[in-house]
Amino acid sequence: MNEDSLKLTSYFGERQRTADNGFAADALLDLYGQRGIATSILLRGVEGFGARQRLRTDRSLTLSDDLPLTAVAVDTRSRIEGLLESTSGLLRSGLVTLERARLLTGDMDVDAPIETPDDETKLTVYLGRQERVYRVPAFVAVCDLLHRRGIAGATALLGVDGTAHGKRQRAAFFSRNAGTPMMVIAVGSGTRIARVLPELGGLLRQPLLTLERVRICKRDGELLCRPPAAGESLPPVDPTGMPLARKLMVYTSEAALHDGQPVHRAIVRRLREAGISGATTQRGMWGFHGDHPPHGDRLLQLGRHVPALTIVIDSPERIQTAFDIIDDLTAEHGLVTCETVPAIRPVGSGQAMEGRSAAG
Amino acid sequence: MNVLVWTAVVVIGGAGSLLRFYADGLISSVTGRDFPLGTMVINVSGAIVLGLLSGLALSSSQYLLLGTAAVGSYTTFSTWMLETQRLTEERQHRKAVLNIVVSLALGIAAAALGRLIGMHL
């Protein structure tokens with residue numbers, strides 16, 4: 001399969017409940033399982049806040065029972081459009097985005113995987129937690145391959161729930177969790193990523209990956225371009241009437257510090273002080289950036305050696321403020337990308353509603 | 001030692017850990033989360049109370065209920081250790097050392113102070 005698909009992403013709090021008092025995360029993933037969504041993954045963030053500016057963080061043990069969650073679902077356009085209303089109906093607050101993505105499964109021998117080969121591209125590879133290739137964990141093998149082929153960077157994120165090839169794969173306490181979903185997110189030039197695709201197809205038994213276009217704003221302290229201003233090249237709403245927001249993804253390392261604290265912590269704090277609508281940080285478990293070989297935590301260590309990924313979504317006007325803050329904090333390290341995403345704020349009634357005041 | 005005392009240990013122990021949960025949540029949300037002050041305040045205040053109890057002449061059942069069940073469940077060694085480890089994970093080495101040294105110094109002083117008060121009551 002190689003077709004234009006949609007990626008539905010929901011950002012919400014772990015303790016959020018649905019109208020019938022179940023956890024929203026469970027209800028959402030039950031739905032994705034029932035509908036046999038090609039791939040979906042539930043990620044638990046380490047820190048974040050929404051439009052209500054309430055900080056959720058794992059910094060204190062007592063207060064880390066309500067962390068930010070991100071649920072991603074990718075499938076064909078019609079199947080994801082069918083999910084949109086139920087998803088925003090299940091969530092009482094948070095943010096739901098709908099992005100175009102190209103979903104590739106099975107044979108990776110694709111003719112024209114990317115529209116313009118010069119474009120920067122985001123590649124996401126969906127894997128199982130215990131999936132192995134040649135006795136090596138699949139995420140390690142994928143990161144190695146991407147690193148050898150000169151891709152700018154990759155981050156492996158571990159999910160707690162999801163579906164793979166339409167089948168529910170939920171992590172449990174007493175289980176090997178072999179199929180629990182993981183994702184490796186990589187950013188690089190379209191031509192390089194196109195070249196690596198057949199190799200990924202050969203490496204993985206059941207490859208499942210998506211391609212998206214991104215714009216690289218900043219790399220290793222070098223400013224390449226600012227996020228486009230409001231109205232620049234794009235109308236305020238997408239063809240279906242969803243308001244268009246901008247999404248920044250900031251790839252940093254747990255080891256990169258700003259003023260003595262990890263850069264991602266500083267980013268979330270400063271964005272919250274500035275009243276930005278929301279941000280979520282995921283801690284990766286493996287990855288690389290630039291020339292460094294892929295790395296993760298070691299058995300004996302003091303500080304952690306894993307990548308961190310911070311996602312910020314706001315209106316095109318306010319994302320300029322967010323970018324100024326991020327620009328300041330990523331003076332030496334990190335990769336910042338920008339995308340335009342149709343975004344709505346769910347209100348739990350089954351109907352979509354826009355606006356920063358509509359909770360989150 | 002009877003069923004009543006054991007039941008009371010269960011109930012008081014549960015109440016102590018709930019008190020810690022809410023006290024830590026309140027302190028952390030007021031003072032911010034850069035430093036695990038909530039756990040430190042809980043452990044130091046628990047040390048005062050335990051010191052005070054040991055200074056009083058209590059029966060073994062009373063001491064079991066107040067000392068082991070109430071203060072034992074209210075204070076937490078494991079959270080103190082985990083939060084210190086988490087500080088080092090994020091390379092906050094100064095804060096990690098501070099968390100251990102200040103907790104120890106204040107804790108021992110608090111226990112001694114409590115005991116002093118208890119013996120004069």
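A:F49 stands opposite A:A279 in strand 20 of chain A, a strand being a DSSP run of E with at least two residues, numbered from the N terminus. Residues are numbered from 1 along each chain as its sequence is written, with chains lettered from A and ligands numbered from 1 in the order in which they are written. This is a predicted model, in which local features need pLDDT of at least 70 and side-chain atom pairs count only at pLDDT 80 or more, while totals for chains, interfaces and linings use all residues.

Strand 3 (residues 47-49) of chain A pairs with strand 20 of chain A in the antiparallel sense over three bridges; pairing requires that DSSP finds at least two bridges between the strands. Strand 23 (residues 307-314) of chain A also runs antiparallel to strand 20 of chain A, joined to it by five bridges. There A:R283 stands opposite A:A308.

## Chain A overall

Chain A comes to six helices and 25 strands, helices being DSSP runs of H or I with at least four residues. Of its 360 residues, 49% count as buried. The C-alpha trace of chain A spans about 50 × 45 × 45 Å along its principal axes.

## Nonpolar cores

A nonpolar core is a set of buried Ala, Val, Leu, Ile, Met, Phe, Trp, Tyr and Cys residues joined through C-beta atoms within 7 Å. The largest has 93 residues, and those with the most contacts inside it include A:A73, A:V125 and A:F139. Helix 3 (residues 138-148) of chain A gives this core its largest share, seven residues. Apart from it lies another core of eleven residues, among them B:I48 and B:Y74.

Leaving aside neighbours within four places in sequence, A:A73 is in contact with residues including A:L8, A:Y32 and A:L83 (contact: C-beta atoms, placed from the backbone, within 7 Å). A:Y32 is also among the buried residues of helix 1 (residues 24-34) of chain A.

Key: A residue is buried if 20 or more other C-beta atoms lie within 10 Å of its own, exposed if 12 or fewer, and partly exposed in between; C-beta atoms are placed from the backbone. Two residues are in contact if their C-beta atoms, placed from the backbone, lie within 7 Å.
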